[in-house]
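The sequence and the structure are shown first.

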Amino acid sequence: MAALQPTSLSKHPLSSGTPTQIFGSKVQSGDLLPTQFRFWTSFRSKTGVKLKASAEPPALTRELKGDELKGIMEMESGCDLFDKLKNGFLSFKSHKYMENLECYQALAKGQAPKFMVIACADSRVCPSTILGFEPGEAFMVRNVANMVPTYESGPSETNAALEFAVNSLEVENVFIIGHSCCGGIRALMSMQDKAESSSFIRSWVIVGKNAKLSTKAAASNLSFDQQCTHCEKESINNSLLNLLTYPWIEEKVKKGMLSLHGGYYDFVNCTFEKWTLDYKGSIMNGKNRVVMKDRLFWC
């Protein structure tokens, strides 16, 4: 007998005693024959759910096992998640895309963003949501703990994005955005200095080692949570200095063609700090410490 393949599922079989139908098909001699599945639920039976299939050849009846029932429930749950995404897309299309059709048609021909944003991959801190970036306004890369490795560290997806944004798109601003309660920074602060590990996370967050060292030196009297908060901001400045290790970035900053900014989003209190790297002041400090200017606090 050829395999029966359900293609769509209506409401959950446990939600009602009414039979729920799944429509599929069966291949026989090159023809497609309609097949119907019906689920019946019995709350008083320990056997749970039974499946009856009516088609040619004659009907088949068997009991669904626990794992099979669980799989059906998980499938429905997954459908619910994507229903939400579908509704979100259709809402975007009707309320944003169609209402700003000329703008989106222009974007289809190319992009010219003013910002390159480097933010954390954390699901709670989407820069577009927090700062209101519209499509075409910011070229973004998100990674664990919003870090920028040095030029000498070699290729990564972050510096590949930087190269494209700075040299091809010619953005005017690079904006590194950190945030409160950062798991990547917490992992960095928790690491034993000489511990060896094959962890991808450890191999990545070690980029912020200098931020950890300066935090330990400046805030050793604080609690671990307070040290992590301190390091979240220190790591942003560490990455700003790392940007200056890229010759093509430093050259544009020196000429005034590119500005480097830091930002910190505290989602516990919903506040935002923004500052700009003072290139001349930082150079006078041997590029070992960020000198800030144009510091703002939004609340």
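A search of the whole structure, which is a predicted model, finds 6 salt bridges. Three of them are set out below.

| Salt bridge | N to O distance |
|---|---|
| Aspartate 122 and arginine 124 | 2.7 Å |
| Lysine 233 and glutamate 273 | 2.9 Å |
| Glutamate 273 and arginine 295 | 3.5 Å |

**The pair of aspartate 122 and arginine 124**

The side chains of aspartate 122 and arginine 124 form a salt bridge with an N to O distance of 2.7 Å. Aspartate 122 has a relative accessibility of 15% and therefore counts as buried, because the limit for that class is under 20%. Arginine 124, with a relative accessible area of 44%, is partly exposed.

Lysine 233 and glutamate 273 form a salt bridge in which the closest N and O atoms are 2.9 Å apart. Lysine 233 is partly exposed at 27% relative accessibility, whereas glutamate 273 is buried, its relative accessible area being 11%.

Glutamate 273 also meets arginine 295 in a salt bridge, at 3.5 Å from N to O. Because glutamate 273 lies in strand β10 and arginine 295 in strand β11 (residues 292-298), the pair ties together parts that are 22 residues apart in sequence. Arginine 295 counts as exposed, at 51% relative accessibility. Through shared partners, the salt bridges join Lys233, Glu273 and Arg295 into one network.

**The sheet**

Strands β10 and β11 belong to an open sheet of 6 strands with mixed pairing, in the order β7-β6-β8-β9-β10-β11. The edges are taken by β7 (138-143) and β11; each has a single partner strand, so one side of each is left without a neighbour in the sheet. From one strand to the next, the twist averages 20 degrees.

Strands of a sheet pair through backbone hydrogen bonds, in either a parallel or an antiparallel manner. Here β10 and β11 run antiparallel and are joined by 5 bridges.

Terms used
Residues are numbered from 1 along each chain as its sequence is written. This is a predicted model: local features need pLDDT of at least 70, side-chain atom pairs count only at pLDDT 80 or more; totals for chains, interfaces and linings use all residues. Side-chain values use heavy atoms; hydrogens and water are left out. A salt bridge is a side-chain nitrogen of Lys or Arg within 4 Å of a carboxyl oxygen of Asp or Glu. Buried means under 20% relative accessible area, exposed over 50%, partly exposed in between (1.4 Å probe, protein chains only). Helices (H or I, at least four residues) and strands (E, at least two) are DSSP runs, numbered from the N terminus. Two strands pair if DSSP finds at least two bridges between them. Axes are lines fitted to C-alpha atoms, for helices over the stretch in contact, and angles run from 0 to 180 degrees between N-to-C directions.
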